[in-house]
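Reader: I am new to this structure, and I would like to understand the terms used for it. Could you take me through them with care?

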Amino acid sequence: MKDELILRVQGLLTEFYTERGTVKAVHDVSFDLHRGERLGIVGESGSGKSVTNLSVLKLIQYPTGRIKAGKVLFKGEDLLGQSEESVRKVRGKHISMIFQDPLTSLNPVIKVGKQITEALRLHHKMGKKEAQAKAIELLKLIGIPDAENRVEDYPHQFSGGMRQRVMIAIALSSDPEILIADEPTTALDVTIQAQILELINSLSDDKGVATIMITHDLGVVAGMCDSVCVMYAGRIVERAPIDDLFYDPKHPYTEGLLNSIPRVDRDQNQRLHSISGAPPNLINLPPGCSFMPRCGYAMDICGKKTPPEIFLEGETKRTVSCWLHVKEDKHG
Ligand code: SF4
């Protein structure tokens, strides 16, 4: 089932227009997602991971921002070329999104049951009673105890973890084929975080839902994803199956990220390293590799030309954008 290509993003380029200039938020981003696959998109704040996924859902508001180029092929059909009405039918029904903060995503003055049944009635044209029964079933599925009574509660009557479960129930109410989760556990403590990730994993396994997990936390992707794209300054700088990335990172930025998290397979007395410097200003990106001011391996060419994204030798799933991995006779 994981062989079926369900989403192909090609050459995505998204910009925002500010008084200070044009922010190149996403630059030439491409990736594939297969049915049932769990893909992690990792990077620091401002790396373009959330904007990539908002672009996939065509949620970039003009004139503040604009998707300038690229394709988002959902089952072969380019969403970016379709009318807002057609995309709205895909959004919410076939592709659902879970956001970071459920309290701001849920309507505080509407009972959670009604918020779920509204989604069910919209997407499945269900009657009131049928939608209510399905809402209770969904709340049970995502582990809300006493679901028959809790459907009558308001969001503030739920804990943070339970509210995030309600958001997942709403996202699942349309039986989506793709679930995009944008930092879904950042606001939760670690125990609840583990429960939510386990829930998303089991739903993905049971229902074959493909998942895009957007996070700054490599621990989150380690626990749940099949493969990872690492983003920096609006570009994918490395992509790899999960184990390859953790055991043999190729891009200096990925290496820096991994060195900055505690790991059980490392000497416990070893110091953690932070990546020095700060991400670049996306309004005035310097020529060449955007990571150069922070990179300990930088060479002359790094400041002159942007490294191409290449497949590692003998690999079909691992790519990297770094001059260290481009043969010298190809430096041009
Ligand atoms: Fe470092 Fe150069 Fe590779 Fe950029 S291209 S990550 S500066 S070695």
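Author: Gladly; please keep in mind throughout that this is a predicted model.

Reader: How do you know that β9 and β10 are paired, and in which sense do they run?

Author: Two strands count as paired if at least two bridges are found between them, and six bridges join β9 (residues 227-232) to β10 (residues 235-241), so the two are paired, and they run antiparallel. One place to look is Y232, which stands opposite R235 in β10.

Reader: What makes β6 and β11 edge strands of their sheet?

Author: The sheet is open and has eight strands in the order β6-β7-β8-β3-β9-β10-β12-β11, with mixed pairing. Strands β6 (95-98) and β11 (310-311) each have a single partner strand, so one side of each is left without a neighbour in the sheet.

Reader: Which helices lie across this part of the structure, β6 and β7 included?

Author: Helix α7 (residues 160-172) lies across β6 and β7 (178-182), and runs at about 170° to β6. Helix α8 (residues 190-207) lies across β3 (38-42), β6, β7 and β8 (210-215), and its angle to β8 is about 155°.

Reader: What is the order of the strands in the sheet of four, and which of them stand at the edges?

Author: That open sheet has the order β2-β1-β4-β5, with antiparallel pairing. The edges are held by β2 (21-34) and β5 (77-78), each of which has a single partner strand, so one side of each is left without a neighbour in the sheet. Helix α1 (residues 49-56) packs on this sheet, where it touches β1 (5-18), β2 and β4, and its direction makes about 115° with that of β1.

Reader: How many bridges link β1 to β2, and how many link β1 to β4?

Author: Strands β1 and β2 pair over eleven bridges in the antiparallel sense, with E15 standing opposite K24 in β2, and a hairpin joins β1 to β2 through two residues. Eight bridges join β1 to β4, and these strands also run antiparallel; in β4, the bridge partner of V9 is V72.

Reader: Where does the ligand sit, and what classes of residue make up the shell around it?

Author: The ligand sits in the largest cavity, which means that more than half of its atoms lie within 2 Å of the grid points of that cavity. There are 13 residues around the ligand, and C289, C295, C302, C322 and W323 come nearest.

Technical notes
Residues numbered from 1 in each chain as written. Predicted model: local features only at pLDDT ≥ 70, side-chain atom pairs only at ≥ 80, totals over all residues. Heavy atoms only, no water. Contact = heavy atoms within 4.5 Å. Axes fitted to C-alpha atoms, helices over the stretch in contact; angles between N-to-C directions. Near = heavy atom within 4 Å. 1 Å grid on protein atoms, 1.4 Å probe; cavity = no way out; pocket = protein on both sides within 12 Å on 5 of 7 lines; lining within 4 Å.
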